[in-house]
Amino acid sequence: MAESRRTFLKQSAATVAAVSLTGCAPEAAGARAAETGGDALSRADDATPVPLPAETLRAVAEAVLPDELGEDGRERAVRAFERWSEALEPVAELSHAYLVPEIRYSGPDPRPGWVAQLDGIEKECESRHGVSLSDLGVSGRRELLVRPLADTGPDLGAPENADHVALALAAHFFGSAIAMDICYGRSIRRELCRSIEGAEDEPAPLGAAP
Amino acid sequence: MSRAASPAVGRAARRVVESDVCIIGGGITAAMVAERLAERTGASITVVEAGGRTVALGERSDTRARMLAYGENPWPNDHIRGQTGTGAMYNSMVVGGAAMHWGGAVPRFSPEDFRLRSLYGVASDWPISFDDIEPYYQEAEERIGVAGEQGPPEYDPRSKPYPMPPLPLSYSLERMREWTERTDIPFWTQPWARNTEPWQGRNVCRRCDTCFVCPTGAKYTPDFSFDRLLAGGRIDLVTRTLVRRLRLEPGSDRIAMAEAIDRDAPDEPVEFRAGTFVIASGHAWSSHLLLLSANPRFPNGLANRTGNVGRYMTAHWYLAGFIDLPMRLYPGMFVYNSLLSRRFASPGPLDRYVRHDLRLWESTVGRAPKIMDDDGKLLWGDEIMADWRARTESESTARIRAYYDLLPDRDSRLTLDPARANELGDPMPRIDYRPAQESVDLQEHTIETISGRFKELARAAGGSMRSIGQPSELWEHPGGGCRMGDDPATSVVDRWGRTHDHENLFVVGAPTIVSGGCANGTLTFCALSLMSAEEMENELPSA
Ligand SMILES: Cc1cc2nc3c(=O)[nH]c(=O)nc-3n(C[C@H](O)[C@H](O)[C@H](O)COP(=O)(O)OP(=O)(O)OC[C@H]3O[C@@H](n4cnc5c(N)ncnc54)[C@H](O)[C@@H]3O)c2cc1C
Ligand code: SF4
């Protein structure tokens, strides 16, 4: 089963191109889709955001993302999160709340805080264990993450609202169409632009021929 | 086409735009009137819209992507700063109005909605019957492009088939329909303003499930109508121009002009002169414009001789819940479809009044990934996935919701708010909605009855109610403020939307409804607007 999921993850990028249709967004464009998410997104301004410390972020990913993704799948999930966070615009106009006349805006840029958190966890790791986070075992990394995640509550929420970068990364992946497919073991392909025919069919098991 | 005349002498430079018909507002009801008049008459038609053009079809994939990724407004800047009222109202002021955002659920009202006093002794009858409005429902469905499944005729009466076959049910909805068939409550597919066949040059739906912004054009939005009329040279669309007052002809109750401000040239006022004026400004701004236009002859506002403008604001509330189902569903195959029952909107004789619809969707409530288990223990990676799987492997959640009608009170009211003005200093609308006392008295009975039906459905599935929420007091699909009636003492417009006080002034759509029904209202607003257009046709040059 795990193997067929991995095969599915590898295949999915190719499938995206095949099913893109005139007048449609590419598959799950911009959705919190670990595979494809960041690609379709761009910022209206030309700002170049400060990069998230790549190595530490990947070390955190090994602690919070499922092993069953495999190394490739996890790397794609992290890359999608990076692209998504780079294209995030602070204080953007949000979708109107239904029948509420006031306009709502998103919060300030969470990235500087996330960069500081990644730097902080790296420093804490050095001082407590004398090694970098990526050299620490996964259980040790999780121990370091318990305190910052302890107050988050049970729901993952939207990644842009996450107080901690580890939560943002988890929320981004688990909120994606691909995570949903992996959970259900089926090719549901939420928010994919496709024919209305076939909606009534039980979604095919992952890894089955498209 | 309208004629631009030279500036009036002796006043600040003014742009004058003349036409046979001046439609104020560029939303879906304006689109219906403009389309019909353009096809059936030779009248010159000007549509004045306070907002500008919004995101073009070709760019909607991009704004969709950002909406999905960050929750951003897919129609950025579609509001006018400072032009904001208080109370439930839409803030989209743009070509297409609120229906750029809409989901496109288009049920009809039931015959009972038009005869509440005669049948049940509550609220007021409308001056029209279901049979009167039925042909205009059909016309609206054809103009918009509606895909629907014929329900049982006693609950879904119609004289002709839906224009298009229904949207297919997803695998999950098919299973849910099988479950509902174990009860005597019939469910069928919700009718939608979304194409299942190519319609008026627009695409077939592609199931991408972001209908608040449709990247394919399969969902009807009013900009399509306006673009077609503009391409055919049948209307003038004047955008970014806010009408501030209507003025009377000297010594007469006829409307002479609409005074407006071009938001890009605020120092040069614009006058729209026409033989017929149509206020198609939605449920809030229509009454607001009439009240703003007070003058010595009509000191309480135009069309307000009997003091009814802004009154009887109406809508519906809802009760919603979640049902745990002992079956595996796959949410995400086609989220923007749902099952509908109008069984209890046409309930037959009643001991005590309660009417409502029922709608069912697949849901992920209680079945989304979590970072903590029920004991508050943090979960990591594979544990999150395992916990998620355990909650989705053999059980699912259905969302159920019932719209129930609120009987409007005369003091459910839109007024000019002295405490809130726009950048021009004009007072903004304030809506203090309130249900009539008879509705308040019926509330407990209504909630009990609906909750009972939710539970009956849950039992039939072998499942259980996960939760029933508090009644939502959001006034959904609002209307009223210029209600229709035969008696000018209790209404603002006649059955055709013509104001009792001004023979060349019509108010169309949402503001004219008598009660809010227990169904999404926009199709009814469109049908009423088409009825009004038919009446206007008699006085306009023929095609
Ligand atoms: C998110 C969302 C989902 C919805 N889903 C559904 C649904 O599924 N089914 C359903 O039935 N309904 C739905 N609705 C409601 C539906 O969109 C509205 O009922 C409908 O669009 C109202 O149309 P209208 O023409 O009456 O008014 P509006 O759409 O409000 O149009 C009025 C226009 O007039 C303009 N205007 C106002 N005053 C002036 C002035 N003084 N001068 C010039 N221009 C002026 C405004 O700028 C506006 O563009 C939804 C609404 C929203 C926001
Ligand atoms: S599901 Fe259909 S109507 Fe809705 S956004 Fe996608 S293509 Fe448009």
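Predicted model: local features only at pLDDT ≥ 70, side-chain atom pairs only at ≥ 80, totals over all residues.
**Chain A, overview.** I read along chain A and found the pattern α-α-α-α-α-α-α. My tally for chain A is seven helices and zero strands; helices (H or I, at least four residues) and strands (E, at least two) are DSSP runs, numbered from the N terminus. Residues are numbered from 1 along each chain as its sequence is written, while chains are lettered from A and ligands numbered from 1 in the order in which they are written.

I then looked up burial and found that 44% of the 210 residues in chain A are buried. Buried is 20 or more other C-beta atoms within 10 Å of the residue's own, exposed is 12 or fewer, and partly exposed is in between, with C-beta atoms placed from the backbone. For contacts in chain A with a separation of 6 or more, I got 55% from residues 24 or more positions apart. A contact is two C-beta atoms, placed from the backbone, within 7 Å.

In helix 2 (residues 54-64) of chain A I listed T56(A), L57(A), A59(A), V60(A), A61(A), A63(A) and V64(A) as buried. What covers them? Their cover includes helix 3 (70-86), helix 4 (111-129), helix 5 (138-149) and helix 6 (165-174) of chain A, along with helix 8 (381-392) of chain B. Helix 7 (residues 177-184) of chain A is mostly covered, with eight of its eight residues buried.

**Where B meets A.** I counted 58 residues of chain B in contact with 61 residues of chain A. On the chain B side, helix 2 (60-70), helix 5 (171-180) and helix 8 of chain B each give two or more residues. Helix 2 of chain B has the largest share, eight residues. By class I have 30 nonpolar, 18 polar and ten charged residues on that side of chain B. Ala, Val, Leu, Ile, Met, Phe, Trp, Tyr, Cys and Pro count as nonpolar, Asp, Glu, Lys and Arg as charged, and the others, Gly among them, as polar.

**Ligand 1.** Which residues come nearest to ligand 1? Of the 39 residues around ligand 1, I noted G25(B), G27(B), G97(B), G282(B) and T522(B); near is a C-beta atom, placed from the backbone, within 6 Å. The site is shared between chains, because residues from chains A and B surround ligand 1. Helix 1 (28-40), strand 6 (241-248), helix 7 (282-292) and helix 10 (522-537) of chain B each supply at least two residues of the shell. I sorted the shell around ligand 1 into 22 nonpolar, 16 polar and one charged.

**Ligand 2.** I found 13 residues around ligand 2, the closest being C205(B), C208(B), C211(B), C214(B) and K219(B). The shell around ligand 2 has six nonpolar, two polar and five charged residues.

**Helix 4 on helix 10, chain B.** Helix 10 of chain B came up again: helix 4 (residues 130-144) of chain B packs with helix 10 at about 110°, axes 8 Å apart. Axes are lines fitted to C-alpha atoms, for helices over the stretch in contact, and angles run from 0 to 180 degrees between N-to-C directions. The two helices are therefore roughly perpendicular to each other (65 to 115 degrees; under 35 is roughly parallel, over 145 roughly antiparallel, the rest oblique). From helix 4 of chain B, residues including I133(B), Y136(B) and Y137(B) meet a set in helix 10 of chain B including L523(B), C526(B) and A527(B). I make that contact ten nonpolar, no polar and one charged by class.

I flagged two residues in chain B. Most residues other than glycine have a negative phi. A123(B), not a glycine, has a positive phi of about 50°. I placed A123(B) in the loop between helix 3 (116-120) and helix 4 of chain B. R240(B), not a glycine either, has a positive phi of about 55°, and I found R240(B) in the loop between strand 5 (236-238) and strand 6 of chain B. Is R240(B) buried or partly exposed? R240(B) counts as partly exposed, because it has 19 C-beta neighbours inside 10 Å.
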